[in-house]
Amino acid sequence: MPHIVGTRYEALLKNSSVQEFWRGVTSHIVYPDVLRWRGSVLLNTLPGVVVTTLFSAIVCLIHLQFGIAVDIPVSVLSTVSVALGMLLAFRVNTAYDRFNEGRKLIQTVMATVRNLTRQIWINVPERTHGDHLEKMRCVKLLLAFMVATKHHLRGEYGADYDDLKELLPPGWQPCSIIHAPPTPEYKQRKHRRRLLKAVPLIISFYKAFRPSRYKQNGSGLEPDDPNDFVNIPRSVVREAYPDSDLAYANTTADLRRIAAEQDAQDEERQHLFDQHHTSPHEDEATVQDSSTGTTTAYGSMTSSTYSHRLHHTKMFTSEEDLPSQGDADISLPLEILFLVALYINQAKNSKKIESNFVSVVTSSLDTLVNALTSFERIASTPIPNSYLIHLKQGVILYIFFLPFALVDSLAWLVTPIVALVSFTLFGIEAIGAEIENPFGYDYNDLPLSTYCDQLKNEVAYIIYHIPTHSKSILLDGS
């Protein structure tokens with residue numbers, strides 16, 4: 001029996017061109033880590049390495065050609081290197097502790113969401129179709145907490161995201177979005193949005209220097225793409241396509257389909273323009289503020305959808321209420337947990353669940369709140385500037401005086417040695433800066449969207465395949 005790989009490549013040779021065959025072969029080649037630079041800090045360290053290498057070459061030229069000697073004892077740099085090594089080790093260890101803690105917190109959140117989903121799905125009884133619908137929406141809210149936390153950690157505020165909007169109850173507008181009025185800072189950021197449209201081009205140009213991803217033995221998770229439809233607010237999509245159906249799609253598949261249709265229409269308009277030398281009519285884009293309305297999770301969109309608001313009123317008022325109501329704020333993940341807690345309290349008041357079950361759910365919700373607080377601590381607590389400044393100054397000074405200490409004994413060999421030392425030291429510092437905040441879109445950040453998709457698949461399976469009650473599940477599966 002022929003080998004599977006050989007049979008596959010023979011088929012490629014027979015049915016495809018040489019280029020397609022070579023593409024199939026290279027897709028199965030696993031490059032060793034020493035030859036990979038995608039995900040490395042090579043580009044981050046390259047400017048510093050080039051500058052220090054040129055400087056060491058100039059020092060060698062002055063010392064060897066013009067006879068101007070500036071000697072520094074090697075013992076001085078040896079003493080400094082010990083302290084510098086300790087500083088760099090502390091820098092990387094601190095950054096990796098933050099990265100590792102972030103991964104552990106994600107695991108805690110996923111385990112808690114799984115436990116809550118199982119407990120609520122099995123233990124909350126269903127008497128009517130409305131009960132089933134409420135329980136299903138509660139389970140989806142637990143998944144929405146994970147997705148909202150992802151956007152919250154990345155500074156992507158609001159609920160106007162494709163992967164989040166479909167998980168929220170239809171018609172529910174969070175207080176954190178509709179309550180606080182737009183601040184001057186928000187208006188200024190909104191005004192700058194048009195000026196920042198060149199940023200994706202710069203990012204694409206920067207990433208063009210990096211090779212394609214390689215997987216080791218099929219393992220590893222891909223980093224998240226900031227330009228993916230899932231991670232783009234719908235308000236931005238409505239701004240770019242105000243009169244298109246693209247802004248009103250409910251799923252990522254619909255977004256991609258409509259975007260493909262839009263591209264086809266643009267190509268057709270360009271073709272007509274080339275034929276008749278007339279410019280197609282283009283409507284001026286208008287900015288749709290999220291404070292005036294957002295899309296719902298299901299169904300078609302109408303103008304009344306944008307004007308719809310749920311009025312959050314208080315049952316009781318007092319003179320001791322805080323006067324600064326306009327400054328009140330709450331994060332969306334935390335408000336989602338409040339909504340889940342209100343549902344559990346409602347089920348208890350309706351005599352559907354017992355008090356001990358409420359205690360179990362409350363404990364799990366407390367775990368999610370603690371995890372959210374820890375996430376915020378990692379994302380919002382930077383490394384002290386005094387430490388970073390002193391570390392960078394120490395590295396620069398060490399590399400600056402290194403050629404003066406070695407040029408007398410090594411001559412022109414100082415240049416490659418300085419390049420090697422600077423690459424090592426700059427690389428260690430760049431690694432710390434790369435992984436100290438693991439919630440972004442960098443190559444070495446945690447793939448939060450992948451974790452959310454995994455959890456979403458599990459929740460979807462529970463909703464569609466796991467029964468909410470049974471009589472003889474171990475006998476006949478019913």
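Visitor: Is F439 buried or exposed?
Guide: This is a predicted model. The relative accessibility of F439 is 1%. Buried means under 20% relative accessible area, so F439 counts as buried.

Visitor: How many aromatic pairs does a search of the whole structure find?
Guide: Rings of Phe, Tyr and Trp pair if their centres lie within 6.5 Å. On that basis, the search of the whole structure gives a total of 7 aromatic pairs.

Visitor: Why is the pair of F90 and Y387 classed as it is?
Guide: The ring centres of F90 and Y387 are 5.4 Å apart, and their planes meet at 75°. Planes over 60 degrees apart count as edge-to-face. The pair of F90 and Y387 is therefore edge-to-face.

Visitor: How many residues apart in sequence are the parts that F90 and Y387 tie together?
Guide: F90 belongs to helix α4 (residues 74-123), while Y387 belongs to helix α15 (residues 385-410). The pair therefore ties together parts whose separation in sequence is 297 residues.

Visitor: Is Y387 buried or exposed?
Guide: Y387 has a relative accessibility of 16%. Since the cut-off for buried is under 20%, Y387 counts as buried.

Visitor: How many disulfides does the structure hold?
Guide: A disulfide is a covalent bond between the sulfur atoms of two cysteines. C138, at 3% relative accessibility, is buried, and C452 is buried at 4%. The number of disulfides in the structure is 0.

Notes
Residues numbered from 1 in each chain as written. Predicted model: local features only at pLDDT ≥ 70, side-chain atom pairs only at ≥ 80, totals over all residues. Heavy atoms only, no water. Disulfide = S-S within 2.5 Å. Buried < 20%, exposed > 50% of the residue type's maximum accessible area, 1.4 Å probe, protein only. Phe/Tyr/Trp six-rings, centres within 6.5 Å; stacked < 30°, edge-to-face > 60°. Helix = DSSP H or I, 4+ residues; strand = E, 2+ residues; numbered from the N terminus.
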